[in-house]
Amino acid sequence: MCKSKIYTHDYPMNTQMKIIKAIVLLILSITLIHCSSEEMPKPSFGGPSDGDGTPSKQYLTEFAAFPVGNIVSASKLASNSEDNLKFKEILLNDYNSITAENDMKMANIFRGPDNYDWSDGDAIVAYAKANGLRVHGHALVWHSSIPGWLTNYAGTDEEFSKLIENYIKQTVAHFAEEKDSLGNSVVASWDVLNEYFDGTSVRSSLFSQRMGADFHKKLFQWAREANSDVKLFYNDYNVIGISSKRSAILSMVSDFQSNNIPIDGIGAQVHINYQWPTITDIQNGFQEIANTGLLIHSSELDITVNPNDDISELTAERAISQSVQFQRLAFYYGEIVPKNQQFGITVWGFRDQDSWIYEGGTDWPLLYDNNFEPKPAYDGFRNGLDGQAP
Ligand code: XIL
């Protein structure tokens with residue numbers, strides 16, 4: 001009998017694999033013509049194999065021992081445009097955790113006193129539940145996502161503080177309701193506070209001005225009161241790359257820990273570039289934040305390649321440097337952060353043009369090009385997730 005195996009998962013595939021596949025298909029079709037009673041030769045593909053010619057691992061989550069995430073929006077999930085169908089195909093293949101890029105931020109939810117619009121977040125949670133994905137909530141309080149009415153709120157500071165308390169409690173409680181098949185909330189975690197520090201100082205913000213010096217602690221306490229299981233994160237940038245900022249954050253964490261202020265995790269945003277941080281910075285950064293014993297989320301990963309505006313297109317050399325940096329980040333995260341503290345790595349976007357720092361087409365910070373094809377960065381990241389040292 002003449003058998004042939006149909007290989008359906010043909011994404012992601014680098015150019016080399018495409019050429020191999022084209023050759024294999026050519027050989028197969030020639031053989032088919034001549035195939036009568038003898039067994040069809042099995043196609044062979046590169047990479048690890050389970051013995052019958054099928055690669056045993058193909059997608060990012062299969063290479064990682066921890067969750068691998070990316071960002072979504074309710075509108076992209078609802079859309080069936082060609083681009084968004086491709087986006088969802090890659091999302092479900094390569095990732096098992098999602099974060100709303102903007103839909104679950106305060107400016108998008110908090111419409112007025114006791115007036116919350118959770119609809120976009122609900123759509124994201126429903127999609128996650130239907131597809132077995134974890135949702136990381138982002139972000140309850142961030143100085144860059146405040147609705148206009150709240151900025152101009154004319155009530156007293158006490159009333160302002162009460163509005164924030166209600167917002168946090170209602171929002172956390174609401175998103176804790178939807179459960180997965182194991183009975184756990186689909187929204188497993190929240191960035192309770194985002195970017196509280198500006199360098200090594202506490203950032204001056206509407207919240208610090210109206211709620212007093214201890215406002216950051218209250219936010220975590222309110223979130224915990226609303227739900228006892230959800231993991232509570234502090235999230236910030238330059239945690240890995242700048243040791244002085246990291247120290248300021250670690251002092252805050254240690255203050256929380258010695259005063260029973262609830263905190264479960266640290267999110268290191270990891271907006272970095274192809275040369276910085278160095279390997280030593282990455283190792284020290286992960287080691288020091290892991291020493292807190294908290295969950296560590298390598299959140300918001302992107303790696304710019306043109307921070308000095310010295311290239312006008314993504315050169316092969318720069319693409320390789322970016323790939324190496326993605327590999328380092330994934331590898332040292334996996335190697336240094338203890339297993340039970342590995343909350344996961346979340347990449348901040350899919351195609352370069354989707355990135356918040358695409359800079360009008362003058363930087364290329366992500367894993368896929370504008371046709372959704374994996375870049376060398378993808379291979380580096382995958383190898384790092386796979387525990388291959390850079
Ligand atoms: C960015 C989004 O990617 C943009 O679409 C939006 O316009 C601004 O916010 N740190 C964060 C993220 O915590 O929420 C930010 O996301 C990027 C920086």
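Trainee: Which residues of α8 and α10 meet?

Mentor: In this predicted model, Ser161, Ile164, Glu165, Ile168, Lys169, Val172 and Ala173 of α8 meet Leu219, Trp222, Ala223, Glu225 and Ala226 of α10.

Trainee: How many nonpolar, polar and charged residues does that contact have?

Mentor: The contact of α8 with α10 has eight nonpolar, one polar and three charged residues.

Trainee: At what angle do the axes of α8 and α10 cross?

Mentor: Helix α8 covers residues 157–176, and its axis crosses that of α10 at roughly 40°. The two axes come within 8 Å. Because of that angle, α8 is oblique to α10.

Trainee: Is the crossing of α8 and α10 right-handed or left-handed?

Mentor: α8 passes α10 in a right-handed crossing.

Trainee: How does α10 pack with α11?

Mentor: Helix α10 spans residues 215–226 and helix α11 spans residues 243–258. They pack at an angle of about 55°, and their axes are 12 Å apart. The angle therefore makes α10 oblique to α11. Their crossing is right-handed.

Trainee: Which residues of α10 and α11 meet there?

Mentor: From α10 they are His216, Lys217 and Phe220, and from α11 they are Met252, Asp255 and Phe256. By class, this contact of α10 with α11 has three nonpolar, one polar and two charged residues.

Trainee: Let us turn to α12 and α13. How do their axes cross?

Mentor: The axes of α12 and helix α13, which runs over residues 316–336, come within 10 Å and cross at roughly 35°. The crossing of α12 past α13 is right-handed. On the α12 side, the contact is made by Ile279, Ile282, Gln283, Phe286 and Gln287. On the α13 side, the residues are Gln325, Arg328, Leu329, Tyr332, Tyr333 and Ile336. The contact of α12 with α13 has seven nonpolar, three polar and one charged residues.

Trainee: Now the ligand. Which residues surround the ligand?

Mentor: The ligand is surrounded by Glu101, Asn102, Lys105, His138, Trp142, Asn194, Glu195, Gln269, His271, Glu300, Trp348 and Trp356.

Trainee: How many Å is an oxygen atom of the ligand from an N or O atom in the side chain of Lys105?

Mentor: For Lys105, that distance is 2.7 Å. An oxygen atom of the ligand is also 2.7 Å from an N or O atom in the side chain of His138. For the side chain of Gln269, the corresponding value is 3.4 Å.

Trainee: Is the peptide bond that joins His138 and Ala139 cis or trans?

Mentor: His138 and Ala139 are joined by a cis peptide bond, with omega about -10°. Ala139 is found in strand β5, residues 134–142. The bond from Trp276 to Pro277 is cis as well, and its omega is near 0°. Pro277 lies in the loop between β11 (271–273) and α12 (279–290).

Trainee: What is the phi of Glu195?

Mentor: Phi of Glu195 is near 60°, a positive value in a residue other than glycine. Glu195 is in the loop between β6 (187–194) and β7 (197–198), and Glu195 is one of the residues around the ligand.

Trainee: Last topic: where is Tyr358?

Mentor: Tyr358 sits in the loop between β13 (342–347) and α14 (376–385). Leaving aside neighbours within four places in sequence, Tyr358 is in contact with Asp352, Gln353, Asp363, Trp364 and Asn370.

Trainee: What separates the C-alpha atoms of Tyr358 and Thr304?

Mentor: Those C-alpha atoms are separated by 8.7 Å, while Tyr358 and Thr304 are 54 residues apart along the chain.

Technical notes
Residues numbered from 1 in each chain as written. Predicted model: local features only at pLDDT ≥ 70, side-chain atom pairs only at ≥ 80, totals over all residues. Heavy atoms only, no water. Axes fitted to C-alpha atoms, helices over the stretch in contact; angles between N-to-C directions. Helix = DSSP H or I, 4+ residues; strand = E, 2+ residues; numbered from the N terminus. Parallel < 35°, antiparallel > 145°, perpendicular 65-115°, else oblique. Left-handed = near helix turned anticlockwise from the far one by under 90°. Contact = heavy atoms within 4.5 Å. Nonpolar A, V, L, I, M, F, W, Y, C, P; charged D, E, K, R; others polar. Near = heavy atom within 4 Å. Polar contact = N/O pair within 3.5 Å; in protein donor to acceptor, adjacent residues only side chain to side chain.
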